Amino acid sequence: MATTENNQPVRQEPPVPGEGLDPSRMPGHWLLARLGKRVLRPGGVELTRWMLDALGVGPQDRVVELAAGLGATARLTLAYSPAAYTAVDRDAIAVAALGTLPHAEATVVRAVRADAADTGLPGGSAGVVYGEAMLTMQPEPAKHRIVREARRLLSDGFGRYAIHELCLLPDGLDPAHAERIAADLSGAIHVGARPLSPTGWSDLLAAEGFTVVGRKTAPMALLEPRRLIADEGLAGALGIVGRVVRDREARQRVLAMRRVFRRHHAHLGAISLLAIPTRAHTGPHSAES
Ligand SMILES: C[S@@+](CC[C@H](N)C(=O)[O-])C[C@H]1O[C@@H](n2cnc3c(N)ncnc32)[C@H](O)[C@@H]1O
């Protein structure tokens, strides 16, 4: 362990993805992570809990989480003691931490550094696949590739897939308006943000061999005080606020993100969908193929 000059142990925080990047340019989710935020998805822990309840993870399930990030949902999933839990993320620092999460002895835990569109995991090896706040940031073709990969990973017959993403409201929003929102979001979070409407998300899943069987929406309130406390706890929220107050560059970024979220409040929401493989799907991943 590292020590100070007078041999006192130094408490070292585990590294957070994006460390060393310029705060004025780094992806918004890693900036928030650096400030202590652990819940990085639009509907917060409440929508995540709905999603996990809907997935009904049990001790017999082999679970794959796509883009597991800092592991906040992984911890909730591991509390169900599934037979296996595999975290996939493309960030090396996130993956290193995901591999060390506490878990029941009966659960086999793995963390894999890979693109969610090409995990390298065996086809049909999972009963449950989910991903949060990760499809929104992909261009259209990558969205399809990732959902297709989720379908490939799932065993036919009893597989479940869930997503938790940002959505544009309502269905049928004027495309030019949708473009403006996406551009404002991308400018604020410094990651391409391409949310879909509720029907757009359902259509994406349907196109890749899924039938949507459950859906819940929630307000997009990631940076609002009430949600911050609900997601991070009072002490966590106060810690984040303290770091924001002390760090001028980070503060400017966070306030800019919140301004954009507030400006488009009426047309932004969070959505979670539960889906199962479509029995008669005739695409490349049909049960028949
Ligand atoms: C906004 S964070 C969300 C993290 C976590 N799912 C959550 O909700 O707290 C986005 C995460 O997606 C990961 N990611 C984005 N695109 C990915 C891809 N194509 N393959 C694997 N991971 C990806 C990032 O590394 C990051 O961990």
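In the classes used here, Ala, Val, Leu, Ile, Met, Phe, Trp, Tyr, Cys and Pro count as nonpolar, Asp, Glu, Lys and Arg as charged, and the others, Gly among them, as polar. Please keep in mind that every view below shows a predicted model.

**View 1. The largest pocket and its lining.** Welcome to the largest pocket, whose volume is about 770 Å³. Its lining is made up of 42 residues, and those closest to the centre of the pocket are His29, Leu40, Ala133, Met134 and Met137. By class, 26 of the lining residues are nonpolar, eight are polar and eight are charged.

**View 2. Helices and strands around the largest pocket.** Two or more lining residues come from each of these elements: helix H1 (28-34), strand S1 (62-66), helix H3 (72-78), strand S2 (84-89), helix H6 (175-189) and helix H9 (248-263). Helix H1 gives the largest share of the lining, with four residues.

View 3. Around the ligand are 18 residues, and the closest of them are Ala67, Asp89, Ala116, Glu132 and Gln138. Sorted by class, this shell holds nine nonpolar, three polar and six charged residues.

View 4. Let us look at the ligand atom by atom. One of its oxygen atoms is 2.6 Å from an N or O atom in the side chain of Asp89. Arg41 also takes part through its side chain, with a polar atom 3.0 Å from an oxygen atom of the ligand. Arg90 uses its backbone instead: an N or O atom there lies 3.2 Å from a nitrogen atom of the ligand. On its own the ligand would expose 590 Å², and the protein buries 97% of that.

**View 5. Two loops with backbone features to look for.** Most residues other than glycine have a negative phi, and most peptide bonds are trans. In the loop between strand S5 (160-168) and helix H6 you can find Pro170. The peptide bond that joins Leu169 and Pro170 is cis, with omega about -10°. Ser81 belongs to another loop, the one between helix H3 and strand S2. Phi of Ser81 is positive, near 50°, although this residue is not a glycine.

How values were computed: Residues are numbered from 1 along each chain as its sequence is written. This is a predicted model: local features need pLDDT of at least 70, side-chain atom pairs count only at pLDDT 80 or more; totals for chains, interfaces and linings use all residues. Side-chain values use heavy atoms; hydrogens and water are left out. A residue is near a molecule or strand if one of its heavy atoms lies within 4 Å of it. A polar contact is a pair of N or O atoms within 3.5 Å; within protein, one must be able to donate a hydrogen and the other to accept it, and residues adjacent in sequence count only if both atoms are side-chain atoms. Accessible areas come from the Shrake-Rupley method with a 1.4 Å probe; for residues, only the protein chains shown count as cover. On a 1 Å grid over the protein atoms alone, a cavity is a set of points where a 1.4 Å probe fits but cannot get out, and a pocket is an open set with protein on both sides within 12 Å along at least five of seven lines; lining residues have an atom within 4 Å of a point. Grid points are joined across faces, edges and corners, and a volume is the space filled by probe spheres set on the points.
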